[in-house]
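Dear colleague,

Please read them alongside the coordinates.

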Amino acid sequence: MGDGSLNAITEPAFAKINLALHVLGRRADGYHELDSIVAFASVGDLITVKEARETVLEISGPFAAAVPANVQNIALQAHAKLKLLYQSHGAALPPVHIHLVKNLPVASGIGGGSADAAAVLRALLKLFPANLSDDEIAQYALQIGADVPVCFNQKTCRMQGVGEKLTFPKLDLPRAIVLANPNLPLSTPDVFRALGLSICQSYNPPLDPKNQLTWRNDLTAAAIKCRPEIAQVLAALKPCRMVRMTGSGATCFGLFENIEEAENLAKSIAGDYPAWWVQAARLG
Ligand code: C5P
């Protein structure tokens, strides 16, 4: 197969929304023990993968300029690491052309690179089926990034540990979401650092999946320390039923029962703050 192959797989990389993000404490290895409810919004990047003569990443879309098209991009790292896993099973993973349409703002708490890497992984496993167990795939996904396993599944779930434990409680959630980002990137490690937990320090108790009113994002205050504009974004979303920050920020969201209400608020916020990235979407 050459570059003109018709065998291409396109996978959406939907925005990951932490409806709740409780920090339980800090582990001995420096990572934070989390308890989170994760859902996905119907806006995202798009990944198309096809076999090629050499591995190349091509990026287009409104936020293309903000992401590297070289080995620093975890979409390419996902291919390189999966190649090693295939080799350890005596299988070959061919070079591929990856096209990423970058629709979502980067370093914004909605999965971004993790969702892209997870979409590359889904596409590669479909294009080049291999005899890998679900456990092997899950462990491999976690090695690429803590949020890659949840983005690989791309289903509403409870995520625990550093991101490796996924369960699927029955949840009754609103159907529509407004996402707003001040168009200012925010680094995840900087926010965890601003939280200031020491090694092995306990922090907050686990969440109650049945009691949405008690769901919080424990990174909010630390993120506002790094990016005070987040407080303004949360205030702009006030008319929504539940307003929170997602991930390590700076994207915040509000939930609505129907998409029309979400679209109306998105239009009004975009009018008031033309420099922000604002989207209404369905919540899956
Ligand atoms: O795994 P990933 O590269 O996405 O994580 C980025 C950074 O966020 C980590 O290097 C770590 O500093 C921090 N992090 C953490 N605890 C987590 C997830 C991420 O401390 N559960």
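The lining of the second largest pocket draws at least two residues from each of α3 and α4 (148-153), with α3 giving the most, four residues; helices (H or I, at least four residues) and strands (E, at least two) are DSSP runs, numbered from the N terminus. This is a predicted model, in which local features need pLDDT of at least 70 and side-chain atom pairs count only at pLDDT 80 or more, while totals for chains, interfaces and linings use all residues. Residues are numbered from 1 along each chain as its sequence is written, and side-chain values use heavy atoms, with hydrogens and water left out.

A pocket here is an open set of points, on a 1 Å grid over the protein atoms alone, where a 1.4 Å probe fits, with protein on both sides within 12 Å along at least five of seven lines, and its lining residues have an atom within 4 Å of a point. The second largest pocket holds about 170 Å³, a volume being the space filled by probe spheres set on the points, which are joined across faces, edges and corners. Among its lining residues are Asp134, Ile137, Phe152 and Glu164.

The largest pocket has a volume of about 1200 Å³ and a lining of 46 residues, of which Ser114, Asp147, Thr188, Pro189 and Ser248 lie nearest its centre. At least two lining residues come from each of β1 (8-26), β2 (32-51), α2 (113-127), α3 (134-144) and α5 (188-195).

Finally, a search of the whole structure finds one aromatic pair. The ring centres of Tyr273 and Trp276 are 3.9 Å apart and their planes are at 10 degrees, so the pair is stacked (rings of Phe, Tyr and Trp, the last by its six-membered ring, pair if their centres lie within 6.5 Å, and planes under 30 degrees apart count as stacked, over 60 as edge-to-face and the rest as tilted). Tyr273 counts as partly exposed at 25% relative accessibility, whereas Trp276, at 13%, counts as buried (buried means under 20% relative accessible area, exposed over 50%, partly exposed in between, with a 1.4 Å probe and protein chains only).

With best wishes
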